[in-house]
Amino acid sequence: MPEYSALSHLRCSRCGRESPAAGVREKCQCGGILFAQYDLTAVAASWSKEMLASREPNLWKYHELLPVRNESNVVSLCEQMTPLLTLPTLSGRLDVPNLLVKDESRLPSGTFKARGSSVGISKAKELGVPGVAIPTNGNAGAAWALYAARAGMPITVVLPTSGPETPRKECVAAGARVYTIDGTIGDAGRLVHDAAQKYNWYDVSTFNEPYRLEGKKTMGFEIAEQLGWSVPDVIVYPTGGGAGVVGIYKAFDELEQLGFIGSKRPRMAIIQTEGCAPLARAFVQGQRACKPWVDPATIAFGMRVPSPSADYLLLDIVYRTDGICTTVTESAIADMRLQVLRDEGFNICPEGAAAFAGVQKLREQGVIDRDEQVLLVNTGSGLKYMDQVADTSTELDLRTGL
Ligand SMILES: *Cc1c(COP(=O)(O)O)cnc(C)c1O
Ligand SMILES: [Zn+2]
């Protein structure tokens, strides 16, 4: 029997330097992001499609390719395998008949951030850190606060004051130490970095520690398994820091090495908003790195990341898969959210709405063909953003009768 985790070592995604997967680890000396590596030969010998199908459908079913070595350290609120939905009315409207939505809104905390925080907190617990600290636009902090509470681990969260109320309240209610800052998530990140060194907390900023990404990776495992061990033609993802995108393609690479899928990769469509589009700007200019976006502003606050540290990985995925990075307008996001609600009864988050608006734009431009299988990720629940749509002025007046 292989061990619970086949984690073998870490490898820098920039310079290739390898290092042991022991102790608290952050970025490579070169500044590159570390990728967890596994003994894939051992996993190939023990995994079969039938065996995986018989496991409980939650992200821990892929535990050999997750970094937690001892099952007793797993901190889980049951991260169920999320469904792939079809949209009969909307797919007709968009003229994309083969449109599937991976609906991440059903996870604990209501967003896909639960994946990274379940795995990240579990690994932090295994490493015995005295606490964790995280800069966030909101949803990551809310998810990490829940799992930290479950683990009994102290957590410090720093958010921009301009951020949304709901996730702030979620953090406070779950017992996190919450600070707000006049600035962006980048400014929050610098503050967390310094405080983490001073107090010996694990700085679990996106891509700073290698294990949060491993949780996001399970989206890619699920997509391939749910499609009968194949991949779609196009993946459309509303992108901020891009951990979801990097995770999904890391999953596909591991599955190919295991012989579970072939070498085909979906064309990656990274969707950003006009209010914060550092990756789309770099793509249009043919660059392999981003310049910081000045004054980011969007209602899709999960996408408000002015300087994504994984820029070199994200742009590489887009170029390598013949993909695209494009923007949608803020009004297209708001309109699309209502359209999806009214066509399908599906209360998506504004980030998900940005992805739908992206599909519409790319189909109109002919970048997406009518016969392609397109998988869009709805990253969270619209319930966290009801203030953006709850215009109650259209309620009817009872005095005039029902
Ligand atoms: C964080 C977040 C995003 C952006 O995801 P990344 O993988 O970090 O780019 C999108 N949507 C929601 C709801 C989020 O919370
Ligand atoms: Zn390096």
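How much space lies in the second largest pocket? The answer is about 400 Å³, while the largest pocket holds about 910 Å³. The model described here is predicted.

- Two or more lining residues come from each of β1 (7–12), β3 (34–38), α9 and α11 (311–320).
- Helix α9 makes the greatest contribution to the lining of the second largest pocket, giving six residues.

**The largest pocket**

- A total of 46 residues line the largest pocket, and Ile185, Ser205, Thr206, Val305 and Ser307 lie nearest its centre.
- The elements that supply two or more residues to this lining are α5 (139–151), α7 (185–199), α8 (212–226), β10 (234–238) and α9 (243–257).
- Helix α7 gives the most to the lining of the largest pocket, with six residues.
- The lining of the largest pocket comprises 16 nonpolar, 22 polar and eight charged residues.

**Helix α12**

- Helix α12 covers residues 330–344, a run of 15 residues. From its first C-alpha to its last it reaches 21 Å, close to the 21 Å expected at 1.5 Å a residue.
- Its buried residues are Ile333, Met336, Arg337, Val340 and Asp343. These residues lie on the same side of α12, because they cover an arc of only 145° around the axis.
- An α-helix has 3.6 residues a turn, so residues three or four places apart point the same way.
- The face of α12 turned away from the buried side carries the exposed residues Asp335 and Arg342.
- The packing partners of the buried residues of α12 are α3 (88–94), β11 (267–273), β12 (324–328) and α13 (350–364).
- Gly345 follows α12 and has a positive phi, near 65°.

**Helix α13**

- Helix α13, against which the buried residues of α12 pack, also has 15 residues, and its end C-alpha atoms are 21 Å apart. This agrees with the 21 Å that the helix should span at 1.5 Å a residue.
- Helix α13 is mostly covered, with twelve of its 15 residues buried.
- The buried residues of α13 are Pro350, Glu351, Gly352, Ala353, Ala354, Ala355, Phe356, Ala357, Gly358, Val359, Leu362 and Arg363.
- Just after α13, Gly366 takes a positive phi of about 80°.

**Thr379**

- Thr379 lies in the segment after β13 (374–378).
- Thr379 has a relative accessible area of 7%, and therefore counts as buried, since buried means under 20%.
- With its neighbours within four places in sequence left aside, Thr379 is in contact with Glu104, Gly110, Thr111, Phe112, Tyr237, Pro238, Cys349, Glu351 and Gly352. Among these partners, Glu351 and Gly352 are buried residues of α13.
- Thr379 and Gly183 are 196 residues apart in sequence, and their C-alpha atoms are 24 Å apart in space.

How values were computed. Residues are numbered from 1 along each chain as its sequence is written. Chains are lettered from A and ligands numbered from 1 in the order in which they are written. This is a predicted model: local features need pLDDT of at least 70, side-chain atom pairs count only at pLDDT 80 or more; totals for chains, interfaces and linings use all residues. Side-chain values use heavy atoms; hydrogens and water are left out. Helices (H or I, at least four residues) and strands (E, at least two) are DSSP runs, numbered from the N terminus. The expected span of a helix is 1.5 Å times one less than its number of residues. Buried means under 20% relative accessible area, exposed over 50%, partly exposed in between (1.4 Å probe, protein chains only). The arc is that of the directions from the helix axis to the C-beta atoms. Contact means heavy atoms within 4.5 Å. On a 1 Å grid over the protein atoms alone, a cavity is a set of points where a 1.4 Å probe fits but cannot get out, and a pocket is an open set with protein on both sides within 12 Å along at least five of seven lines; lining residues have an atom within 4 Å of a point. Grid points are joined across faces, edges and corners, and a volume is the space filled by probe spheres set on the points. Ala, Val, Leu, Ile, Met, Phe, Trp, Tyr, Cys and Pro count as nonpolar, Asp, Glu, Lys and Arg as charged, and the others, Gly among them, as polar.
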